[in-house]
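Hello,

Here is the structure I promised to pass on.

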Amino acid sequence: MTNWLTKRLVKAALTVWGVVTLTFALSHLMPGGPAQHIQAQLVSREGGSIDPERLNQLMERYTNVQPDKPVWQQYIDYVTAVLQGDLGESIIRNEPVVDIIADALPWTIFVMGLSLILTFVIGITLGAVMAYYEGTRFDFLSSTIGTVLNSTPFYLLGLLLLFVFAYQVNLLPTGGNMNPRTEPGLNYPFIRGVLIHATLPVLSMVLTEAGGWALSMRGNSISILGEEYLRVARLRGLSDRRIAFTYIGRNAILPLYTNFMIAIGFVIGGSVILEQVFTYEGIGYYMVDAVQANDHPLVMGTFLVLTLAVVFGLLFADLTYGKLDPRIAAGGESDEEY
């Protein structure tokens with residue numbers, strides 16, 4: 001078991017190292033990188049040429065590397081800075097990238113996390129009910145509606161909801177993540193404003209994604225209903241409630257757990273589009289804003305965070321799945337012994 005855990009951690013560490021190396025290559029080796037952009041920006045601002053020493057100082061300030069050093073030394077300096085939590089400074093905003101991400105990431109985690117949790121809970125609940133009423137009109141209508149909504153891009157439905165409830169009915173705000181007239185904190189006006197501004201983004205995600213979870217849960221539950229161990233459980237006189245939760249529910253959810261953990265990582269990446277549609281100032285919103293402004297340090301910083309979210313989501317799913325399904329843990333241990 002120790003060797004199995006070590007292998008998973010080593011793989012995750014190598015993946016993180018690869019992501020950091022990729023961000024360094026994209027930021028410092030591709031044409032039109034930070035050096036050229038900073039130089040052009042300063043020349044335009046000051047109306048003349050820039051001193052090379054001054055340019056080197058600005059490069060170190062914004063990207064944590066000195067361009068006059070060898071590439072291998074720049075790489076070591078960059079990796080060291082990243083490990084220390086220093087991602088450079090935004091060229092446009094003149095703020096540390098870490099501070100911008102620290103301000104934006106909680107909003108992304110809130111709206112995307114709330115969307116994912118509601119989607120998963122509603123989906124597996126509806127899927128279990130659909131399996132119980134298999135073949136009925138309710139099952140047919142739910143499956144049809146779920147398939148249609150799951151085939152609809154969340155941003156397309158988001159634009160429709162925005163048009164109807166924000167611009168036509170004027171019931172919900174058109175953008176933002178909080179009421180600017182309220183004081184941030186644990187007070188009712190602020191919390192109410194946060195929930196109101198998150199309503200449309202969350203609703204667009206839940207309506208389009210819950211159907212997929214429901215259909216998966218329905219299929220898993222139906223396949224389990226024919227298993228022999230359920231007949232044995234009934235012969236032993238176990239209650240229907242225990243059979244439903246312990247035998248059917250747990251085994252039907254197990255295959256969805258890995259997908260849920262993977263979705264945690266990818267849902268952060270999906271925030272890039274969602275936050276642009278609703279002008280929700282999370283990490284995805286700032287990433288697109290940085291791309292449009294050619295702000296390389298901020299682009300690379302947000303790219304690194306979004307990628308790491310996927311890596312750690314997969315790692316957490318890998319490490320915890322065996323706790324839910326003992327067969328996986330036993331299989332991992334037997335493989336190590338073999």
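**Aromatic pairs and a buried serine**

W213 is buried, its relative accessible area being 11% (buried means under 20%, exposed over 50% and partly exposed in between, with a 1.4 Å probe and protein chains only). Before going further, please note that this is a predicted model, in which local features need pLDDT of at least 70 and side-chain atom pairs count only at pLDDT 80 or more, while totals for chains, interfaces and linings use all residues. Residues are numbered from 1 along each chain as its sequence is written, and side-chain values use heavy atoms, with hydrogens and water left out.

The whole structure holds 9 aromatic pairs (rings of Phe, Tyr and Trp, the last by its six-membered ring, with centres within 6.5 Å; planes under 30 degrees apart are stacked, over 60 edge-to-face, the rest tilted). One of them joins F120 to W213, edge-to-face, at 5.2 Å centre to centre and 85° between the planes. This pair bridges distant parts of the chain, with F120 in helix α5 (residues 97-132) and W213 in helix α8 (residues 188-225), 93 residues apart. Helices here are DSSP runs of H or I with at least four residues, numbered from the N terminus. F120 is buried too, at 12% relative accessibility.

W213 also pairs with F260: the ring centres are 6.5 Å apart and the planes lie at 65°, so this pair is edge-to-face. Because W213 sits in helix α8 and F260 in helix α10 (residues 240-277), the pair ties together parts 47 residues apart in sequence. F260 counts as buried, with 15% relative accessibility. Elsewhere, F24, Y75 and Y78 make up one aromatic cluster.

Helix α8 also contains S221, which is buried at 4% relative accessibility. A polar atom of the S221 side chain lies 2.8 Å from the backbone oxygen of M217. Leaving aside neighbours within four places in sequence, S221 touches A128, A131 and A252 (contact means heavy atoms within 4.5 Å).

**Cavities**

What did the search for cavities of 30 Å³ or more find? It found 2 in the whole structure (a cavity is a set of points on a 1 Å grid over the protein atoms alone where a 1.4 Å probe fits but cannot get out; lining residues have an atom within 4 Å of a point).

Best wishes

Key:
1 Å grid on protein atoms, 1.4 Å probe; cavity = no way out; pocket = protein on both sides within 12 Å on 5 of 7 lines; lining within 4 Å. Points joined across faces, edges and corners; volume = space filled by probe spheres on them. Helix = DSSP H or I, 4+ residues; strand = E, 2+ residues; numbered from the N terminus. Polar contact = N/O pair within 3.5 Å; in protein donor to acceptor, adjacent residues only side chain to side chain.
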